[in-house]
Amino acid sequence: MKNLLLILLIVVPTICACSEEDCFDIDLSGMGSGSDCDNETNYPSNIIPTITVSGITNVTFNSATIVGNVISDGGSPILARGAYWNKYNWVNVSTTDHTVDGSGIGEFTSSIHGLTSGVTYYVWLYGTNKNGIYLTSAGS
């Protein structure tokens with residue numbers, strides 16, 4: 001029997017913006033946030049990149065492909081974009097597995113590998129500009 005890795009697409013409208021100086025949570029839904037960022041604040045929405053999840057495809061027992069789209073750069077060019085993934089519902093941008101899938105506005109494809117069958121993984125898409133790293137949940 002072939003084992004397949006199951007990744008569910010659940011988009012959560014929360015962005016965690018982290019830079020070396022600070023980490024703060026932005027709740028775009030107005031319903032509260034479950035983020036583990038240290039300092040909560042109202043960050044100006046006009047400098048936040050808009051990143052959406054188009055889908056998760058090609059799911060196998062040890063890999064998956066996530067298609068994302070940077071709709072807006074928040075007024076500062078996107079220097080890098082891609083996906084982070086982890087077995088835990090948190091991201092450490094220094095140590096969590098991630099891809100780098102180009103730069104700028106537009107659609108991109110992230111291929112994540114090295115997954116273990118039967119394990120739930122949490123996936124976030126990101127965009128980096130001069131203001132920090134912006135994450136949006138792609139689900140688990």
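**View 1. Strands β5 and β8 side by side.** Seven bridges join β5 to β8, and the two strands run antiparallel. Strands here are DSSP runs (E, at least two residues; helices are H or I, at least four), numbered from the N terminus, and two strands count as paired if DSSP finds at least two bridges between them. Seven of the eight residues of β8 are buried, so β8 is largely enclosed by the rest of the structure. Buried means under 20% relative accessible area, with exposed over 50% and partly exposed in between (1.4 Å probe, protein chains only).

Before the next views, please keep in mind that this is a predicted model, in which local features need pLDDT of at least 70 and side-chain atom pairs count only at pLDDT 80 or more, while totals for chains, interfaces and linings use all residues. Residues are numbered from 1 along each chain as its sequence is written, and side-chain values use heavy atoms, with hydrogens and water left out.

**View 2. The hairpin of β8 and β9.** Follow β8 onward and a hairpin takes you through two residues into β9. Strand β9 covers residues 132–139 and pairs with β8 in the antiparallel sense over seven bridges. Look for glycine 127, whose bridge partner in β9 is tyrosine 134.

**View 3. An open sheet of three strands.** The order here is β3-β4-β7, with antiparallel pairing. β3 and β7 stand at the edges with a single partner strand each, so one side of each is left without a neighbour in the sheet. On average, neighbouring strands of this sheet are turned by 25 degrees against each other, direction ignored; the axes behind this angle are lines fitted to C-alpha atoms (for helices over the stretch in contact), and angles run from 0 to 180 degrees between N-to-C directions.

**View 4. β4 and its two partners.** Eight of the ten residues of β4 are buried, so this strand is largely enclosed by the rest of the structure. Eight bridges join β4 to β7, and among the bridge pairs you can find valine 67 with threonine 109 and asparagine 69 with glutamate 107. Toward β3, seven bridges join the antiparallel strands, and threonine 50 of this pairing stands opposite serine 72 in β4. β3 and β4 form a hairpin with five residues between them, and asparagine 58 in the turn has a positive phi of about 50 degrees.

**View 5. The nonpolar cores.** Of the 16 residues in the largest nonpolar core, Ile66, Trp85, Ile112, Val123 and Leu125 touch the most other members. The elements giving two or more residues to this core are β3 (50–57), β4 (63–72), β5 (80–86), β7 (106–113) and β8 (122–129). A second, separate core has six residues, including Tyr84, Trp124, Ile133 and Leu135. A nonpolar core is a set of buried Ala, Val, Leu, Ile, Met, Phe, Trp, Tyr and Cys residues joined through side-chain atoms within 4.5 Å.

**View 6. The chain as a whole.** The protein chain has zero helices and nine strands. Of its 140 residues, 43% count as buried. Residues 24 or more positions apart account for 60% of the contacts with a separation of 6 or more, where contact means heavy atoms within 4.5 Å. The accessible surface comes to about 7500 Å², of which 50% belongs to carbon and sulfur atoms (Shrake-Rupley method with a 1.4 Å probe; for residues, only the protein chains shown count as cover).
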